[in-house]
Amino acid sequence: MPKLKVLTTRRWPAAVEEELARRFDLTLNKGDEPMSQDVLAAAMGEYDVLCPTVSDRIDAEVINGGTRVKLIANYGVGFDHIDIAAAKAKGIAVTNTPGVLTDATADIALTLMLMAARRAGEGERELRAGAWSGWRPTHLIGSALKDKVLGCVGFGRIGIATARRAHHGFGMKVAYYGRRPCEPDVGRELDAKFYPNLKDLLREADFVSLHVPGGGETANLIDADAIASMKKGSYLINTARGGIVDHDALADALKSGHLAGAGLDVYPAEPAVPQALLGLENVVLLPHLGSANAETRIAMGMCALANIAAYANGEDVPNPVA
Ligand code: DGY
């Protein structure tokens, strides 16, 4: 049997690339530059498996660019950059890499929460600019996390992992909004309060952390109205997808002081960062680092590889999304 032809659209960790190359007829994107829509569309006719990442837009035009690809094995858990309906219509399977990046992403949510609450970005900028005049009781005063309410919007794997860190590590109270209450043992462990109504959660939370998937259903979920419902002096943390937040409304709320701060790892049109935020001191801006530790990035690659291997063996793929 000839080996499957596999294309990875960006560089993956070396250990995963080596294993992919051993098992498949692998084409790497050696330069690690984003591929154009035309190149991606052409790849649909040249390979058996396409392995994109969040930085590729696998829209209907790309998907309809050729008929050879039968599996899109995404490197990452989120798949709002892939037109799932178009893939389904062509009988193309789509897989993702759930579970393996839960802890890393929750770690970044806490990083953002602490950085925003303790004004760490402002402090670092001040120090590097040579503008620090020394310790004083009123310098860069932030907010404590202990006893504050963390409101998770979405309470799946990453939301729960974030809440665990916040509750057990920092003494925060946990509240969440979702479609349904979480498993009773998780609710008891975290003493978590369920809000079936988003606005009710937003009114109660001192820190709102977003953990819903991106895409049509959640586009602009945190719009001007939702932001107005947030407590005065509260914080917004986003490690999910940029499209969930209206960034103009967020910038207005940060400028007016309605929100004390925000911590963002994701943006609607990456790598562009909404201009309105760049000049604000009270927002922490990270470049989509949620899953960026060595262990996690290897695990994500191995998870994608397991999906490809199952497909190659004619078995059910472990992580189907379509
Ligand atoms: C994902 O997996 O969806 C992340 O956003 C990329 O780390």
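Ala 260 is partly exposed, with a relative accessible area of 32%; here buried means under 20%, exposed over 50% and partly exposed in between, using a 1.4 Å probe and protein chains only. You will find Ala 260 in strand 11, which covers residues 259-264. Helices (H or I, at least four residues) and strands (E, at least two) are DSSP runs numbered from the N terminus.

Setting aside neighbours within four places in sequence, Ala 260 is in contact with Gly 233, Ser 234, Tyr 235, Leu 254 and Asn 282, where contact means heavy atoms within 4.5 Å. Asp 206 is 54 residues from Ala 260 in sequence, and their C-alpha atoms are 9.8 Å apart in space.

## About the model

This is a predicted model, in which local features need pLDDT of at least 70 and side-chain atom pairs count only at pLDDT 80 or more, while totals for chains, interfaces and linings use all residues. Residues are numbered from 1 along each chain as its sequence is written, and side-chain values use heavy atoms, leaving out hydrogens and water.

## The chain as a whole

The protein chain holds 13 helices and 12 strands. Its radius of gyration is 21 Å, close to the 20 Å from the globule rule for 322 residues, so the chain is as compact as a globular protein of that length. That radius is taken over C-alpha atoms, and the rule is 2.2 Å times the number of residues to the power 0.38.

Buried residues make up 48% of the 322 in the chain. Among contacts with a separation of 6 or more, 60% join residues 24 or more positions apart.

## Thr 162, a buried helix residue

Thr 162 sits in helix 7, residues 157-170, and is buried, with a relative accessible area of 0%. Beyond four places in sequence, the contacts of Thr 162 include Ala 106, Leu 110, Met 113 and His 211.

## Around the ligand

Polar side-chain atoms of Arg 241 and His 288 each lie 2.7 Å from a ligand oxygen atom. For Ser 291, the corresponding distance to a ligand oxygen is 2.6 Å. Taken alone, the ligand exposes 230 Å², and the protein buries 89% of that; these areas come from the Shrake-Rupley method with a 1.4 Å probe, and for residues only the protein chains shown count as cover.

Technical notes:
A polar contact is a pair of N or O atoms within 3.5 Å; within protein, one must be able to donate a hydrogen and the other to accept it, and residues adjacent in sequence count only if both atoms are side-chain atoms.
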